[in-house]
Amino acid sequence: MIIIGERINGMFVDIREAIQAKDPKPIQEWAVKQEEAGAHILDINTGASVMKDEQPAVMEWLVKLAQEVSKLPVAIDSTNPIAIEAGLKAARGKAMINSTTAEQAKMDLYMPMAAKYNAQIIGLAMNEKGVPKTADDRAALAMELVVNADMNGIPMQDLFIDPLALPCNVAQEHAPEVLAALRQIKMLASPAPMTTLGLSNVSQRCTNRPLINRTFLVMCMACGLDSAIVDANDNDLVDAAAAANVLLNKDIYCDSYLKTFRQR
Amino acid sequence: MAVNIVKDSYKSKVVEITVGTEANAIKIGGDSTLPFLHFEGEMPNKQVLCLEVFDMVPEGWPENLTAAYEGVMSDPVAWAKKCVEYGADMVALRLMSAHPDNSDTSPEDAAKTAKAVADAISVPMIVVGCGVEEKDAKVLEAVAEALAGKTCILGNATNENFKSITGACMVYGHSVVSQSPLDINLAKQMNILMTEMGLPNERIVMDPLSGAVGYGIEYAYSIMERARLGALMGDKMLGNPVIAYVGQETWKAKESKASVEEFPEWGEQAKRSILWEVVTACTLAQAGAAIFVLRHPESLKQLRVHFAKMMESNAY
């Protein structure tokens with residue numbers, strides 16, 4: 001289970017204020033805190049409050065700050081292709097693009113970029129028409145992502161398909177479709193593409209979000225989820241992921257399995 | 001259509017352990033592939049072949065085994081020298097006399113023997129206790145101190161006594177054999193606990209306690225294989241070189257000891273016993289074992305030839 005820490009994101013107040021004040025401290029604190037908690041990748045997002053033409057410079061600043069104090073690779077999270085490319089240039093190690101959709105124009109833009117920078121790429125199973133209702137429609141869009149990645153020479157282990165979780169209070173029928181989609185996506189190619197999920201979406205505006213998050217995470221892992229963008233500092237969630245990894249026979253059991261999961 | 005060579009790519013590798021002092025140091029492990037798959041990774045170090053020395057005359061050995069050590073079996077120093085003559089990469093000294101049912105040798109006296117042997121030979125040493133966990137904790141502490149600076153492998157540390165052995169090895173610079181009874185979960189947990197004490201991971205050798213061919217070798221085989229796969233896929237707490245006490249197991253087997261008169265259908269004992277040792281070692285090498293503690297010099301000779309052949313590159 002690859003944990004992508006979601007915390008360095010301008011939508012959080014402390015990060016937004018740090019960006020505005022050019023204060024590196026909160027950024028670097030979160031980089032270290034997430035790494036210590038067991039994150040494998042740090043997601044970096046400038047947030048919507050940064051002006052479009054400033055996004056590339058801010059992205060570069062955030063990536064460099066985070067990697068100054070953490071050895072983890074970064075996921076460059078933006079809807080702005082110029083900001084993404086700036087992040088990729090600044091990143092050390094194998095970076096990740098977050099994300100493209102299955103819209104042809106976007107795939108034509110981001111897939112070659114992933115190939116050029118030897119980056120991993122998240123592909124959302126949606127297009128200009130929005131998020132599909134059923135597992136089959138999600139899988140169909142996932143296939144578009146697989147084909148386009150293949151055409152650009154991106155190996156399947158670098159393509160992370162996100163079947164898109166929606167809040168379970170207002171879009172309850174989507175959760176089982178996401179589970180079914182995960183199973184189908186793992187059968188689209190051999191070797192199979194990787195899968196990921198913006199997990200926290202599933203519990204937006206719900207009560208007891210951590211419970212919903214970790215329950216869904218475990219269910220998704222059983223269906224083939226390889227990674228997730230999560231709150232890496234939610235200890236119960238990371239514990240659940242560690243236990244699920246053992247129960248799926250992905251990690252060899254030992255009494256210190258919670259600790260070894262975090263040490264990798 | 002052309003044939004595409006399928007090569008697995010692995011994230012990690014087995015840690016490399018160094019034993020012995022500078023000029024005679026040996027490196028063990030470091031593999032970044034499954035055993036002998038030179039086409040998809042590296043096996044930088046060759047298999048280590050050791051011969052065993054007892055600090056007392058062992059009982060129940062068949063004649064073809066005692067014949068190889070005639071005249072030296074009551075003198076561990078002379079015996080160890082003989083092993084080096086036979087071409088052993090390392091000498092494995094077994095302090096059997098420390099067993100309460102034998103002479104119950106004191107830790108100090110056992111350590112003196114170990115020191116005398118170590119000073120007499122040029123190759124690195126493995127020193128193993130008598131198998132009584134409580135006694136071994138004390139004996140190996142004394143041995144660790146007496147052999148300070150020799151960079152040996154000391155064992156066997158078990159779930160019951162690893163703390164004192166690990167502590168002593170940390171202080172005096174030795175590696176430790178971490179022994180677990182055919183249990184990969186316990187093996188992993190032992191490594192975690194030992195590294196948490198501060199022993200570097202590059203100083204742990206794993207012993208999953210294999211049986212001989214015909215005596216449950218398949219259990220250890222699959223555990224070793226699982227550990228190797230885990231190591232290659234990034235599980236650092238299973239990425240340690242594996243030691244196999246081959247001689248200890250095979251020479252217990254009836255097939256190694258019984259005469260041809262007793263079992264005519266089995267053929268000559270002298271030939272059969274060597275093969276039992278050689279085949280057990282070859283099998284465990286395929287599962288990933290790196291250190292082989294043998295008893296008969298003829299087995300060592302045959303394995304040397306076999307391993308040299310297996311270590312020839314099969315890269316495409």
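Colleague: Which element gives the most to the lining of the second largest pocket?

Modeller: A lining is read by asking which residues have an atom within 4 Å of a point of the pocket. In this predicted model, β4(A) contributes the most to the second largest pocket, with 3 residues. At least two residues each come from β1 (2–9), β2 (41–45), β4 (96–100) and α5 (104–116) of chain A.

Colleague: What is the volume of the second largest pocket, and which residues are closest to its centre?

Modeller: The volume of the second largest pocket is about 850 Å³. Its lining comprises 31 residues, and N9(A), N45(A), D77(A), N98(A) and N201(A) are the closest to the centre. By class, the lining consists of 10 nonpolar, 15 polar and 6 charged residues.

Colleague: How should I read the largest pocket, and what volume does it have?

Modeller: The largest pocket has a volume of about 1900 Å³. It is lined by 40 residues, and those nearest its centre are I2(A), Q157(A), M194(A), K11(B) and M233(B). The lining divides into 14 nonpolar, 11 polar and 15 charged residues.

Colleague: How many cavities of 30 Å³ or more does a search of the whole structure find?

Modeller: A cavity differs from a pocket in that a probe fits inside but cannot get out. The search finds 6 cavities of 30 Å³ or more. The largest cavity has a volume of about 120 Å³. It is lined by 16 residues, of which D31(B), M43(B), Q47(B), A289(B) and A290(B) are closest to its centre. Strands β2 (26–29) and β10 (289–294) of chain B each provide at least two residues of this lining. The lining of the largest cavity contains 9 nonpolar, 4 polar and 3 charged residues.

Colleague: Let us turn to the interface. How many residues of chain A are in contact with chain B?

Modeller: One begins with the contacts and the buried area, and then looks for particular pairs. Here 9 residues of chain A are in contact with 10 residues of chain B. The area buried between the two chains is about 900 Å², and carbon and sulfur atoms give 51% of this area.

Colleague: Which residue of chain A forms a salt bridge with E196(B)?

Modeller: The partner is K259(A), with the closest N and O atoms 2.6 Å apart. The rule finds 1 salt bridge across the interface of chain A and chain B. It also finds 6 residue pairs in polar contact there, with both residues at pLDDT 80 or more. The side of chain A that touches chain B has 3 nonpolar, 3 polar and 3 charged residues.

Colleague: Turning to the backbone, is the peptide bond from S190(A) to P191(A) cis or trans?

Modeller: The angle to consult is omega. The bond from S190(A) to P191(A) is cis, with omega near 0°. P191(A) lies in the loop between α7 (174–185) and β7 (194–195) of chain A. In chain B, the bond from G155(B) to N156(B) is also cis, with omega near 5°. N156(B) belongs to strand β6 (residues 153–157) of chain B.

Colleague: What is the phi of N118(A), and where is this residue found?

Modeller: N118(A) is not a glycine, yet it has a positive phi of about 50°. Its place is the loop between α5 and β5 (120–124) of chain A.

Key. Residues numbered from 1 in each chain as written. Chains lettered and ligands numbered in written order. Predicted model: local features only at pLDDT ≥ 70, side-chain atom pairs only at ≥ 80, totals over all residues. Heavy atoms only, no water. Contact = heavy atoms within 4.5 Å. Buried area = accessible area lost by both parts, 1.4 Å probe. Salt bridge = Lys/Arg side-chain N within 4 Å of Asp/Glu carboxyl O. Polar contact = N/O pair within 3.5 Å; in protein donor to acceptor, adjacent residues only side chain to side chain. Nonpolar A, V, L, I, M, F, W, Y, C, P; charged D, E, K, R; others polar. 1 Å grid on protein atoms, 1.4 Å probe; cavity = no way out; pocket = protein on both sides within 12 Å on 5 of 7 lines; lining within 4 Å. Points joined across faces, edges and corners; volume = space filled by probe spheres on them. Helix = DSSP H or I, 4+ residues; strand = E, 2+ residues; numbered from the N terminus.
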